[in-house]
Amino acid sequence: MSRWRAPKLITAAALLVAALTPISANAAPRPAPRLATGPVNPGFETGDLTGWTVTEGTAFGPRSVTDAATYWGGPFHHKGQRHLWGFAAAGDEATGTLKSSSFTAPSSLSFLIAGGWDPERLYVALVRDSDGKQLLKQTGMDDEAYVRILWDTSRWRGQAVHLEVVDRKGGGGDGAWAHINLDDVRTQNAARDDNGLTFRTLGQANQPAAASHDYADYAADPLRPQFHYTPYQGWINDPNGVIQFRGRHHLFSQYYPDAPKWGPMHWAHADSPDAVRWRELPVALTPPPRATPTDNTGIFSGSAVDDNGTLTVAYTKFTDTAARPGATPETVEIATSTDGVNFTAGTEVVSQPPAGSSAGFRDPKLFRDPTDNRWKMVIGSGDGGHGKVQLYASDDLRSWTYAGVLAEGDSADGPMWECPDFFPVGDKWVLLYSADNKQFYETGTYDGKTFHSEKKGLLDAGSDFYAAQHYRDDRGRDLAVAWMSDWKAKEPTRVNGWAGAQSVHRELFLRPDGGLGSRPVAELATLATGRIAEVRDKTVSGAWRLGRGDTSRLKAVVDLKATTADTVVVRLKASGAEATELRYTKSTATLTLDTTKAGYGTTGTWSAQVPAAADGTLTLDVLTDRSSVEVFTGDGTALTARVYPRYRESDAVEFSAGGGGEVRLKSATLTRLGSSWTD
């Protein structure tokens with residue numbers, strides 16, 4: 001039970017005496033009692049609910065204030081010793097509300113929030129005392145790790161308000177993450193942390209409504225990438241249907257518009273003149289109306305081809321059999337468009353998966369096979385713990401014949417291969433597939449029926465590159481784009497109403513060793529808006545800052561022969577409190593991307609072997625956007641990670657010599673990149 005002191009009662013006799021007592025002409029009226037400048041016990045550091053009142057339910061109580069520092073997925077990142085964990089008292093099944101003490105509304109207010117995403121049933125609200133109106137509210141992001149929300153409350157400054165923590169979402173059904181967490185409410189210096197750095201302004205209340213936004217609103221969000229495709233609101237994952245059609249590059253994406261979470265899949269659509277600058281188009285494919293409130297029937301991943309001037313897309317029609325009993329879960333449909341924007345209704349062309357597809361049957365990729373000049377289609381599958389790719393053939397894109405298993409892995413490659421792609425590059429064939437949150441490639445030969453693998457690797461060795469899809473543009477370049485995330489990733493941008501981003505378009509090429517390399521598409525250079533810094537023949541000992549840039553491109557050539565340090569360190573998106581660290585270790589020829597101190601989001605280290613070039617140099621091309629880092633080396637190695645800095649000041653690029661010694665830079669340039677969004 002909350003601890004609070006009841007006010008002293010005023011007796012009727014005392015009121016009568018007060019009413020009959022004359023007021024001196026010189027006596028000043030007694031001022032109204034002043035409210036506190038913030039809620040009592042704003043960080044629950046008392047170890048209980050002092051200053052807070054349980055107003056209904058059992059979700060909150062003495063046990064909900066905890067000193068637990070970690071949960072099943074890592075640290076909470078709370079402030080101080082204690083915080084309010086909405087799961088601790090009675091689990092996800094419980095519901096309830098918790099009210100703070102009253103205080104005077106400040107100009108700005110911030111707090112840490114975590115827990116489930118549900119704007120209608122799970123949130124923290126600012127409530128006006130006089131009429132009980134909810135002025136602002138914020139839900140969580142389906143994660144226990146805290147994110148800082150910052151509110152502009154100046155329009156209510158001086159009014160009596162309180163906070164309300166609301167949990168009306170019981171567990172069960174879709175009740176995962178059915179709790180809400182709170183810590184460290186700040187009403188003074190709300191935008192500043194104790195280290196003197198400035199919090200990035202996060203929170204759904206800061207985002208213009210989806211119906212009224214324009215491209216300028218993309219720049220207002222401090223975590224939104226500026227030269228990567230993202231949904232304004234909602235969720236995206238796999239890129240689909242990538243193609244250059246009638247001169248314009250088309251990018252479709254798995255999309256759920258109603259929440260920043262996976263749901264009934266649509267196909268979002270954007271196009272571009274150069275695969276860099278994007279324009280939103282209407283949603284291309286839409287699932288049928290839900291049969292039940294939890295029906296997730298939708299349009300899964302697929303691909304596109306130009307069939308004599310008709311844009312033809314093939315995709316997996318997924319049917320949620322829990323909502324629609326008796327249906328086949330995954331079939332293949334096609335739809336067409338003559339203008340590249342408006343599509344016909346889907347037509348089923350493959351009604352059942354072939355035998356040996358127990359783990360799934362999805363993500364058709366169309367291609368024209370030069371071995372027999374027929375249309376072919378590869379589809380991801382798996383059986384018995386082994387991923388595989390099924391092959392189909394057709395003369396007209398409508399009537400398809402099963403042609404067998406194109407390729408199959410073993411238990412080490414994952415039980416299901418998603419998003420396969422198959423295409424020639426140079427004198428080799430390339431097979432792409434995604435499994436276990438990794439993007440694999442294999443290069444080898446193809447005889448018209450079976451792929452014979454010769455070389456295998458990761459197309460990107462980082463944490464956030466999945467479901468890559470290839471197309472050949474009008475210039476004959478082999479381009480690819482991928483979902484810049486994975487299924488295990490944290491999504492702090494949910495607090496702003498959106499989740500997911502696509503990588504920059506990349507050009508693929510064969511390396512001398514037969515592997516597959518990639519580099520940013522050349523047109524990305526047209527986004528450059530000015531040189532921030534440039535040096536040549538620079539020796540670095542200790543730490544040295546090249547420059548600052550929240551959306552920038554670093555190009556550097558390190559002279560490894562003249563570098564006496566064993567480790568070359570590049571701190572990206574750096575401040576005194578956080579950074580994403582890129583390290584190259586000479587003795588092991590290992591390049592490592594480290595996000596353990598990068599801010600919010602997934603943390604970890606990812607590495608790749610990158611031998612020095614023949615001239616003894618290491619060439620780096622690093623793209624840093626507001627919530628991403630993409631690293632490319634001269635030999636085509638790539639490492640990508642989503643990172644979400646906490647502070648506005650986290651935008652520096654710094655070099656240092658790890659473990660002593662010196663780093664020799666032949667050259668380094670830092671260039672600011674502008675927005676890819678166009679009207």
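The model is a predicted one, in which local features need pLDDT of at least 70, side-chain atom pairs count only at pLDDT 80 or more, and totals for chains, interfaces and linings use all residues. Residues are numbered from 1 along each chain as its sequence is written, and side-chain values use heavy atoms, with hydrogens and water left out.

Along the principal axes, the C-alpha atoms fill a box of roughly 105 × 70 × 45 Å. The chain holds 46 strands and two helices, assigned as DSSP runs (strands E, at least two residues; helices H or I, at least four) and numbered from the N terminus. Of the 679 residues, 59% are buried, that is, under 20% relative accessible area with a 1.4 Å probe, counting protein chains only.

A closer look at one residue follows. Arg 642 lies in strand S44, which spans residues 638-642. Arg 642 is buried but has no salt bridge (a side-chain nitrogen of Lys or Arg within 4 Å of a carboxyl oxygen of Asp or Glu). Glu 491, the nearest side chain of opposite charge, is 4.9 Å away. A polar atom of the Arg 642 side chain does lie 2.7 Å from the backbone oxygen of Ser 627. Beyond neighbours within four places in sequence, the contacts of Arg 642 (heavy atoms within 4.5 Å) include Pro 225, Asp 464, Trp 498 and Ser 627.

Note on methods:
Buried < 20%, exposed > 50% of the residue type's maximum accessible area, 1.4 Å probe, protein only. Lys, Arg positive; Asp, Glu negative; His and termini not counted. Polar contact = N/O pair within 3.5 Å; in protein donor to acceptor, adjacent residues only side chain to side chain.
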